[in-house]
Amino acid sequence: MSTQVFYFVATLSIIFSLMVIFAKNPIHSVLYLILTFFTFTVHYVLLNAQFLAVVNFIVYMGAIMVLFLFVLMLLNLNNETEPSKSPLIKIVGVIAGGCLIVTLIGSLKATAISSPLILKNQGLGLVENLGKELFGPFLLPFELSSLLLLSAMVGAVLLSKRDEVEA
Amino acid sequence: MDTGFIIEKFILVTVIFGISLVIAMYSTYAERKVAAYLQDRLGPDRAGPFGILQPLADGLKMFMKEEIIPTTSSKWLFIAGPGLALLCACIGTAVIPWGSPVLIAGKVIPLQVSDINVGVLYIFGVVSLGVYGVMIGGWASNNKYSLLSAIRAASQNISYEIAMGLSIIALLLMTNTLSLKQIVEQQHGFNWNVWYQPVGFIIFMVCSFAETNRAPFDLPECETELIGGYHTEYSSMKLGFYLFAEYINMFVSSAVMATLYFGGYNYPGMDYIAAHWGPTWAPLFGTVILFAKIFFFIFFFMWVRWTIPRFRYDQLMNLGWRGLIPLAIANIIITGVVIAIIEKF
């Protein structure tokens, strides 16, 4: 049952991810990206990582993508405004893509056939256990990353403030 | 997963869905009656006794009106907008505990669709998704007023979500759980969370007003500046969906407020009732009490709408970012310090 659900949702993820790239309209792209994140949330639930699922839901779908959509709506991009690229760039792109495939296949060949990783503790993704891990063994990295985020936030506020003073 | 379980949940979901829709329908009637009362008028009184059939008449009118899809709109998103708004409004009811488990026909049935252990975060996620209906509809209309309204709705929602989340954190410090069921059970009798978290409750309530786009924060629909706001181009039942979504949102936020802060289905003297009324009627009475609280909050939403004038947009942002967020952070710190002191001694 779970395996079938996984394959179904994984197919949807791939389809939606492709649609993000192929959609002509940037707004449609973002909407497909939201759907892609939605399928990711389902994946997290299937992996029994409830907290990650819900945070992915709130932060990515509920906040970050709203901001993406917000900015794109303000920019008012159209199909016509998309710059057409010169053939030279297209050729360079194809060659670079080919090189990437060769590298990827080479590195995949080096690793053995994927061995499924079994979690020691199945309930690791539940809020309680995750909290104990984060505030226990991983306290320092957790606090450091939150400081980093705070400094980024203060920096953003400072940048917008300075503009106001000059104008 | 046995069939009985699925049937039980299916019935529960259907009943809750039906109740949400009926309440949304009669909220439109209640809103007009409350407005009439506050402005010393009669309100709707033609359809049926006391105008009680007015929502049916309105619904029929909505269905009968001609439906117009603007030719310059992006058609599928234009249709998806109101549908998404209604969907996001409805799925919030899934984790709210409507009553303690009830004994029906020799079987104990929990009156909650799903007791997930991240219930509070789920509600929060649904609230943050709610804005997509407005944004997509506003953008797809291909109308400047709709677009401006959609952008207003987005920035308003994001701003007030932060204060809302911070006010919930202070509550979670006390409850030590994210499951709505356990939060309700901790508030047995008259031991409601609002006595411990009055500031948190006020912040949460103000944010719910902003999240549901209700007056005094209904700037996305500010008709003096934006005509009809995001639903300017909408007609017929699509417009009806947007209006319905607003009332269902109101119902769900009232239910969440009653659950988180006002004890859900708990009431003083519930042990006495439980001992005397038996395991079938006592829980159902608790559900009635919960709905009484919900109706009070819905009334409160309307009361505020017809009392306080609309904010200006910069006032709204100032209140959110400079008023509520620092207040909520201070509330978290004070709560944390008090809990630490209590645990120490």
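Some ground rules. This is a predicted model, where local features need pLDDT of at least 70, side-chain atom pairs count only at pLDDT 80 or more, and totals for chains, interfaces and linings use all residues. Residues are numbered from 1 along each chain as its sequence is written, while chains are lettered from A and ligands numbered from 1 in the order in which they are written.

Start with the contact. It takes 16 residues from chain A and 19 residues from chain B. Two residues are in contact if their C-beta atoms, placed from the backbone, lie within 7 Å. Which helices of chain B each supply at least two residues of the side that touches chain A? They are H4 (119–129), H5 (131–140) and H6. Helices here are DSSP runs (H or I, at least four residues), and strands are runs of E, at least two, all numbered from the N terminus. That side of chain B has 15 nonpolar residues, four polar and no charged. Nonpolar means Ala, Val, Leu, Ile, Met, Phe, Trp, Tyr, Cys and Pro; charged means Asp, Glu, Lys and Arg; the others, Gly among them, are polar.

Now one helix pair. Two packed helices are described by the angle between their axes and the distance between the axes. H3 of chain A (residues 50–75) packs on H6 of chain B (residues 144–175) at about 150°, with the axes 10 Å apart. Axes are lines fitted to C-alpha atoms, for helices over the stretch in contact, and angles run from 0 to 180 degrees between N-to-C directions. H3(A) and H6(B) are therefore roughly antiparallel, a label for angles over 145 degrees.

Who meets whom? From H3(A) come Ala63(A), Val66(A), Phe70(A), Met73(A) and Leu74(A). From H6(B) come Leu147(B), Ala150(B), Ile151(B), Ala154(B), Ser155(B) and Ile158(B). Ten of these contact residues are nonpolar, one is polar and none is charged.

Next, the records. An unreviewed UniProt entry lists "transmembrane region" spans in chain A, including 6–23 and 30–51. Such annotations use the numbering here, have shortened names, and may be inferred rather than shown by experiment. In the model, residues 6–23 of chain A are 94% helix and 0% strand, with end C-alpha atoms 25 Å apart. For residues 30–51 of chain A, the values are 86% helix, 0% strand and 24 Å.

For chain B, the unreviewed entry's spans include 6–26 and 119–141. Residues 6–26 of chain B are 100% helix, and their end C-alpha atoms are 30 Å apart. Residues 119–141 of chain B are 91% helix, with 35 Å between the end C-alpha atoms.

Note on methods
Parallel < 35°, antiparallel > 145°, perpendicular 65-115°, else oblique.
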